[in-house]
Amino acid sequence: MGDAGGGFGLALPELRALMELRGPEALLRLQRDLGGVPGLCRRLRTSPTDGLSEGPPELERRRRVFGRNWIPPRRPKSFAALVWEALQDVTLVILEVAALVSLGLSFYAPPSAADEACGQASGGAEDEGEAAAGWIEGAAILLSVACVVLVTASNDWSKERQFRGLQSRLQREQRAAVLRGGRLAQLPVADLVVGDVVQVKYGDLLPADGVLIQGNDLKIDESALTGESDHVRKAPDKDPLLLSGTHVMEGSGRMVVTAVGVNSQSGIIFTLLGAAGDDEDEGRDRKGKPQDGAVDTPQPKGKRQDGAVAMEMQPLKSAEGGDAAEGTGTRPRGGPKKEKSVLQAKLTQLAVQIGKAGLAMSAITVIILVLYFVIETFVVQGRPWLAECAPLYVQYWVKFFIIGVTVLVVAVPEGLPLAVTISLAYSVKKMMKDNNLVRHLDACETMGNATAICSDKTGTLTTNRMTVVQAFVGGSHFGHPPAPAALAPPTLDLLAQAIAINSAYTSKILPPEAPGALPRQVGNKTECALLGLALALGRDPEAERAQVPEEHLVKVFTFNSERKSMSTVTRRPGGGFRLFCKGASEMVLRRCSSMLDAGGSPRVLGAPEREELLRRVVEPMAGGGLRTLALAFRDFPPRPEPPWEDEAAVVRELTCIAIVGIEDPVRPERVPQVPEAIRKCQRAGITVRMVTGDNLDTARAIAAKCGILPAGSGEWLCLEGREFNRRIRNERGEVEQERLDKVWPKLRVLARSSPTDKHTLVKGIIDSTIGDQRQVVAVTGDGTNDGPALKKADVGFAMGIAGTDVAKEASDIILTDDNFSSIVKAVMWGRNVYDSIAKFLQFQLTVNVVAVIVAFTGACITQDSPLKAVQMLWVNLIMDTLASLALATEPPTEALLLRKPYGREHPLLSGTMLRNILGHAAYQLLVIFTLLFAGEVLFDIDSGRAAPLHAPPSEHFTIIFNTFVLMQLFNELNARKLHGERNVFEGVCANPTFCAIVLGTFAVQVLIVQFGGKPFSCSPLSAEQWLWCLFVGVGELLWGQVLVCVPGPGRRWPERSGPREHPEVAELGRGKVLWVRGLSRVQTQMRVVRAFRSNLGGGPPPLARPDPPLGLIGGGGPFGVPPHAELIFGDTRDIPLIDDTDAESEAPPIRAPPPNRNNNHGAPPGPLCPPPGRLHSLETSL
C-alpha cells in the first residue's frame, strides 16, 4: 500500500473509492478501515490542527502522487476548424457552387459555326482575349468567399482567445483559507494538495473533496452533484464527506483534502462528460454559469432524467466554444431559465424578417432574369434550341443565379451577430477597467435597459468596514466605545468572552500592512467590529479563544438570514454550560428576561423595560444609521443536559450584556460618490431600491444619506419584511401579483427582509405588466442568501471582495471594487452596446435597401445587375465586418445617462432611424439610377448597359460602383448619430478604429477601381471622374443635414428623466409649446370676459368656447372633449417654458398626472382641477 501510495498510507484509488460513498456507509468505512479522521490524517501525513508543515519539494511530490487541483480545459478549436465552420454558411456554399459551375463553363467555347445560330446569346463584342478571361469572374468570387471566411474565422479565433483569458481571470480570483504550519493563509485553490487542512464557511464553494474534521452547524447544498434541493447536514460523526463544487449554505468547519482535480467527484464527472470535447455541441444550446474558482472544473448541475443524473457543465461556454459570446445561450436546465435578453429578442425578430424579404427578392430577381432571357431568345428572336448552344445558355443562367445569390448575400444581415459579438467583446474588455467583471455577455447590454436596481446595503452602498461607535452597557449609554475602567469587571469579562467565542474563529483583526494604515479586518466585518471593541477594552480575543478551542465548542447555532442571530454553547470550567448569543437587537431582547446592571449583576427585564430600552436606546442608534446588535448569555447547570438541537428551548431567558451601535459609513469615494451615482441612476430613469436585513430605522437613515429616499418626501414606502408579506399575500399565504403591483412602484426600502422576500420582490417586478413597459431588474448582493434573487434578476451583480462564492456564481457581473458607483459605468456601457448595434443597423439596412433595389431593378430593366457579384461581396465586406468593427467600438459618453431606458417593448428601429434609412436610401437610389440611365451622357462615355456575357469592364458601371461605395463611406459618418444630432463628426477622433477603417476602406477602394481590372469588373477612372464620385459621396453628409429637419414617424427622444432636457427635445417641442401656450392665452382671456359678464347678471350670451384641435386631447365630446370640461393638456408638465417670466405669470391648469407606473422618479403630482363654477377660469388662470 505504501508503494502504491507513493510513500503515503493511502493510494489514490482508495481515496477515490472512499469519496464515492455516502452517509453511514462512508462513516463506517472511515472508522473501521482508516481509524477515523485521526487515522486518515496520520496516513496522509498531516495534522488536523496545524495542517501540512512541508516545504515546496514535498508539496510538489504530493501533486505528482495525487494530482493537481486543476482540470485541463477542453482544447480550443484550431484556426482550420474555425475556417471550416465559417465555410458551412448556406449563402457562401451556394456562392461557391455557383462560382465553380461558372468557372467550369467559362473554359467551354462553342464551335464557331454555331455562333450565328446561337445569336445574340453568344455576343460579339468580346474578342478572343476577353473570352479566354471568362474564368476570372468565377475565380474572383471564390477569392472573395475565401476573404469573407478568413475574416470570420479570425474574429472567432480572437474572440475565443479573449474569453479564455476571461475565464482564466475568474479562476485566479477564488482562494481558500488553508492551514499550513499552524498559520492560516489565503491560497489560490489551484495550489491545494491532498492532505491540506482547509477552513470552510458560510457561502464557500468547496474547492476539493475532503473529510470533515470539525464542523459547526454545517449544511451543504449538494444539488449540483445529486440534484437534491434539500440542504445536507454535515458532522464528523454523521456524514463527514464534503464534495467539490458544492456550496456551504450554513455554518463553518475544517476539512482535510482527500481528492483534487480530475480525481475529485466533480472532476470525474467532467471527464465522463467528455473533457476531450465529445460533448462540445451541448454547449451550443445552453449558457453555462462560469465558475469563479481557480479550479478549472466545470461544476456540474444535476437534474434527474430517466433514473440517471444528467449533468451539465457550468463554466463559461464562451471561453471554450465562443457560444455565449454571441448572446444566444440560455441558462442551464438545472437552474431557472431566463428569457432572451432584450436585444437578442429584437435582433432575432428583425433578422428573420429581413432574411425572408431578401430571399423573396433574390428569387424574384433570378426568375425575372431567366424568363426575360428565354422569351427574348426563343420567342421574340424565334431561335431554335441547339444542343451546341446549351453550355452558353447555361452560362447565362449561372450568371443570373449568381446575381440572385449576391442579392441574397447583401440582403441577409449576416454581419449582425458579428456586430453584436464585437460590440459586446469590446465593451466587456473596457468594463474590466471600470471594475465590472462580466461573466455573461448578454448581461452587458441587458444592463443598458435596466429600469430598476434592488441593492443590498452592506458593502454596496457602504464601505463594509464596520466600527463600534456607541454602546449601552450596565445601564449607561456611551457615545463612544467605553473605557475599561467604566465597566464592572464581571461585565467586562462576559463581554470579552461573548465577542471572542461567539463568532467565527476565522474573523480576526490583523496588524496594518503599512505604518499609519488601519488594522486589517479579516472575515465577517460585523464580527470584526466587535473584535475591535474587545481590543479597545484591553482584551485580546485570541487569548480568549485559546482557552476555548473551536473543537471544544458544544453547539453552535450559526447566523443565517432567518435566524438573524448566532449562538455558541461552551463548557464552564466549574461545570455546566454557558450560551452566548448575539444578533438583531429587537430579536435578542425579546428573548431576554434580565440585564446586567452597573455592578455586573442581573436585574429583571420586563416588557415595559424592554419597550423603554428599544425606544430610548435602539431606535436612536438605528435612526442615526447604525446597525444595532445585542449581546447576551445564559448559564445552564450540568444536569440535566439541555436538548441542544431544540434552539427555541435553549436560546431564551437570556441575560443582556450590552447593546452596541456599529457604523458602516456610506462610501466616501471622491468621484463619483454613492449619492451622486444614485442621482445619475435616477436621472437615467432607473429606480434604486434598498433591500437589506438591517433594522428599518437604520436602512431608512442610510437610504436618506444615499439619496434613495428624497428629503422631505413622504410618498415612498419603507417596509419591513413582515409588513411587506402582509400586503402582498392573500388569506392562504399566497403571493398575488395584483397585490404586489400596488406595493412595488412606491417601495424604496425593504428592511429585515429574508432571501424569500428579496426573490419575491424581484420576481414580482419582472412579471408585472402595469405601466407603459415591462421592468428590467438588476440586483446586487454579496451573501449566499442573495443567490436566488441574483439568479432571478435580469442582471445580477455580486461583490468581488465581500461576496461569497455562491453569490458570485449566481451573478452575471462581478463588481471587483464592491462599489455601487461601478454600476453606473455598467449602465453606460450597456446603453452604448444597444446604441452601437442600432448604429450598425441604421447603416446596414440603408445598404440593404439600396443594393437589393438596384440589383432587382437592374435585372428587370437591363437584364444585368449594375453591381457585379464580386463588387457585391466587397460591399458586403464593408457593410458587415468593417462597419460592425467601426460602429461597434464607439466609446460611451455621459449623454447616454440623460435618457430613460428603452425597455423591453421599445422597437429596435426608432422613427428617427427609419427616417434616416429611407431618406438616405432615396438619395442613393436617385444617384445610382441617374448614373445608370444617363451616366453615359453626363460623362460622355460608352454605355455599359446590355453588355455581352464576357464584355470588358466599362467605365459606366465602374463609376456606378465607385459612387455607391463612396456614398456608403460618407453615410457611415451619418450612421454614428441616432437621435437627429447635426454634428456627425462629434467624438469621431475619440475612436481611432473608426477613422482607420474608413480611411483604409477608401484606400482599398482606390486600388480596386484603378487596378482591379477584370476580376473586380472595374475600369480605371480619370481624376475628374473621381472628383465627381467624391462630390456625390460628400452629398450624403449634406443630405443628412436636410433629413435632420424632416420630422420622422413618431420622432421623439426617449422621455427625459432629469432636470435638464436634451437640446433636441427643446428644439422639437418649441412649436408645440408655442401652439399650446397661444391657444391657452386666447382661451384664458375669453374665460375672463365670460366670467365678468356672468357676474354682472346680463349682457349678451357668453362666447362659445373654441374647440381644441383634433388630436390634442381625448374625451367624449365632438372632438374627444367632455361637454363643459375645461381645456386640459395631460402632458403639459413635460412642456418646457420659453422664458422664465412665463413660469411666474401663467400656468395652464393641469390634472394630477397618473401614478408613475414606469417606476421612475418623477415630479410630484400637480393640483387637481376644481369643478367648473363661477370665476373658475379666472381663478385657475391666476
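Predicted model: local features only at pLDDT ≥ 70, side-chain atom pairs only at ≥ 80, totals over all residues.
## Strand pairs, a helix pair and an open sheet

V198 stands opposite M255 of strand β7.

**Around β7.** Strand β7 covers residues 247-259. Are its residues buried or exposed? Buried: 13 of the 13 fall in that class, so β7 is largely enclosed by the rest of the structure. Two of its pairings can be described. Strand β3 (residues 197-201) runs antiparallel to β7, with five bridges between them. Strand β4 (residues 209-221) is also antiparallel to β7, and here ten bridges form the link. Within this second pairing, G210 has V257 of β7 as its bridge partner.

**The open sheet.** Elsewhere, eight strands make up an open sheet with mixed pairing. Their order is β10-β28-β27-β26-β11-β23-β25-β24.

C718 faces V749 of β25. Helix α25 (residues 721-728) packs on the sheet and touches both β24 and β25. The direction of α25 makes about 105° with that of β24.

The strand pairings described so far compare as follows.

| Strand pair | Sense | Bridges |
|---|---|---|
| β3 and β7 | antiparallel | five bridges |
| β4 and β7 | antiparallel | ten bridges |

**A helix pair.** Two packed helices are described by the angle between their axes and the distance between the axes. For helix α2 (residues 23-34) and helix α3 (residues 36-43), the angle is about 60° and the axes lie 8 Å apart. The two helices are therefore oblique to each other. The crossing of α2 past α3 is left-handed. Which residues make the contact? From α2 come L30, Q31, D33 and L34; from α3 come G36, V37, G39, L40 and R43.

**The whole chain.** The chain holds 38 helices and 28 strands. Of its 1182 residues, 56% count as buried. Take the contacts between residues at least 6 apart in sequence: 74% of them join residues at least 24 apart. The accessible surface of the chain comes to about 48,800 Å². Carbon and sulfur atoms account for 59% of that surface.

Methods:
Residues numbered from 1 in each chain as written. Heavy atoms only, no water. Helix = DSSP H or I, 4+ residues; strand = E, 2+ residues; numbered from the N terminus. Buried < 20%, exposed > 50% of the residue type's maximum accessible area, 1.4 Å probe, protein only. Contact = heavy atoms within 4.5 Å. Areas by Shrake-Rupley, 256 points an atom, 1.4 Å probe, with all protein chains shown as cover. Pairing = 2+ DSSP bridges. Axes fitted to C-alpha atoms, helices over the stretch in contact; angles between N-to-C directions. Parallel < 35°, antiparallel > 145°, perpendicular 65-115°, else oblique. Left-handed = near helix turned anticlockwise from the far one by under 90°.
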